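Hi,

Here is the structure I promised to send over. Have a look at it first, and my notes on what turned up follow below.

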Amino acid sequence: MKFSVKNRLSKGDGMSFSEFSYPLLQAWDWWVLFKKGVQVQVGGTDQYGNILFGMDSVKAISKNTAMEQERDPLENDIDNPIGLTTPLLTAPNGEKFGKSAGNAIWLDKDMTSTFELYQIAKLMEEQNKDPSKRVAQHALAAEFVELIHGKQEADAVALQHRQLFRSRSSTAEPTPLQKNSSPPAGHAQSPTSGFVNPQSGNQYAPQTNFSNMPSIQVTLPESLVYGQNFHKILWSAGLVSSKGEGHRIVTNKGAYVGSRPGDSGPMSDDLAFTPILTWPAEKTKDFIVDGNILFLKLGKWKFKTVKIVSDEEFKRLGLSAPGWEPEESAPQPATDN
């Protein structure tokens with residue numbers, strides 16, 4: 001083995017001794033940490049091979065070490081070493097971003113010149129002028145969202161955050177929200193054109209945001225909730241334009257109902273939201289809180305707290321809702337005068 005390595009390195013194939021020994025040293029380092037309870041190693045995708053080698057090495061050493069008190073067959077999978085990799089940050093030209101690539105950002109000006117740090121310095125200058133504007137935080141958040149979801153999504157969410165958290169004393173006109181592009185002429189014939197929610201497949205549906213979201217309170221009679229499928233309840237609560245749209249959203253897992261965490265046991269004060277599925281109608285009652293409250297949610301801004309009252313009370317209050325058909329007064333029998 002020593003001869004073959006030496007012979008290979010002498011041929012100048014570009015593999016240095018440090019590159020060859022790095023996985024060995026990293027694996028041994030992990031074994032030392034593993035004995036102290038470190039079970040997980042995280043690295044960039046460029047470390048995938050080294051991490052795999054380290055996992056195999058740790059398992060092999062653990063099973064065969066001469067130190068009997070450190071020997072462990074690792075028969076339970078939960079005790080095995082675990083490796084995770086994450087995508088690498090890249091520079092604008094697509095190159096790896098980091099120390100080994102020579103383009104990392106250092107605080108030491110001998111490592112990264114102040115000229116190269118000018119953009120960051122300018123940003124911090126704006127931040128220090130008025131920390132309440134959170135210039136640096138917004139810049140960091142925008143860069144992060146753009147990295148994951150793209151520039152269009154980053155610009156949209158930045159706009160919403162600036163409107164939502166702007167000073168209450170501000171008298172300036174709110175920045176207008178981004179508008180959806182106009183639908184093509186053929187969209188009118190689309191089966192989703194009449195739907196009012198993007199979750200149902202209509203990408204041109206009107207946007208719902210913090211400034212135009214509807215009232216979260218709605219009252220419904222028992223007959224429109226108990227024993228009803230959720231797509232019908234979404235329609236009666238005014239969250240969708242039709243039962244068909246409600247069914248499509250449920251099928252797409254775009255609607256949520258407030259439930260107990262884990263969806264088991266009695267309803268507790270700890271509320272979580274779970275995707276509504278095409279459950280049978282009798283399951284609806286499992287999500288009703290205190291016998292008269294139901295929580296429904298579509299997307300981020302459409303939310304309804306449904307107060308459930310008896311049909312008699314609903315009629316007495318003179319209320320109405322999609323699907324509500326109050327019983328007409330029974331006809332009086334004819335009588336002879």
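First, a word on burial: a residue is called buried under 20% relative accessible area, exposed over 50%, and partly exposed in between, with a 1.4 Å probe and protein chains only. Please keep in mind that this is a predicted model, so local features need pLDDT of at least 70 and side-chain atom pairs count only at pLDDT 80 or more, while totals for chains, interfaces and linings use all residues. Residues are numbered from 1 along each chain as its sequence is written, and side-chain values use heavy atoms, with hydrogens and water left out.

Let me start with the aromatics. Rings of Phe, Tyr and Trp (the six-membered ring for Trp) pair if their centres lie within 6.5 Å; planes under 30 degrees apart are stacked, those over 60 are edge-to-face, and the rest are tilted. That rule gives seven aromatic pairs. One of them is Phe230 with Phe287: the ring centres are 5.8 Å apart and the planes sit at 75°, so this is an edge-to-face pair. Helices and strands here are DSSP runs numbered from the N terminus (H or I of at least four residues for helices, E of at least two for strands). In those terms, Phe230 belongs to helix 7 (residues 230-236) and Phe287 to the loop between strand 5 and strand 6, so that the pair links distant parts of the chain, 57 residues apart. Phe230 is buried at 4% relative accessible area, and Phe287 is buried too, at 0%.

The rings of Phe314 and Trp324 also pair edge-to-face, because their planes are at 75°, with centres 4.9 Å apart. Phe314 is in helix 9 and Trp324 in the segment after helix 9, so this pair ties together parts ten residues apart in sequence. Both ends are covered: Phe314 is buried at 0%, and Trp324 counts as buried at 15%. Ring pairs also join Phe230, Trp279 and Phe287 into a cluster.

Next, the charges. How many salt bridges are there? The count is three, taking a salt bridge as a side-chain nitrogen of Lys or Arg within 4 Å of a carboxyl oxygen of Asp or Glu. Lys35 and Glu70 form one, at 3.6 Å from N to O. Since Lys35 lies in helix 2 (residues 17-35) and Glu70 in the loop between helix 3 and strand 2, the pair ties together parts that are 35 residues apart in sequence. Lys35 is partly exposed at 41%, and so is Glu70 at 27%.

Glu126 and Lys129 form a salt bridge with their closest N and O atoms 3.3 Å apart. Both lie in helix 4 (residues 118-129), three residues apart, about one turn of the helix. Glu126 is partly exposed at 34%, whereas Lys129 is exposed at 58%. Arg316 and Glu313 also form a salt bridge, with 2.8 Å between the closest N and O atoms. These two lie in helix 9 (residues 311-316), again three residues apart, about one turn of the helix. Arg316 is exposed at 60%, while Glu313 is partly exposed at 27%.

On to the strands. Two strands pair if DSSP finds at least two bridges between them. Strand 1 and strand 2 pair in the parallel sense over five bridges, and the chain crosses from strand 1 to strand 2 through helix 3 (residues 48-64) in a right-handed β-α-β crossover. Right-handed means that, with the strands pointing away from the viewer, the path from the first strand over the helix to the second runs clockwise. Gln41 stands opposite Gly83 in strand 2.

Finally, two backbone details in loops. Lys253 has a positive phi, near 60°, in a residue other than glycine, and lies in the loop between helix 8 (243-251) and strand 4 (255-259). Asp290 also has a positive phi, near 55°; this residue is in the loop between strand 5 (272-275) and strand 6 (293-298). Asp290 is exposed, with 72% relative accessible area.

Cheers
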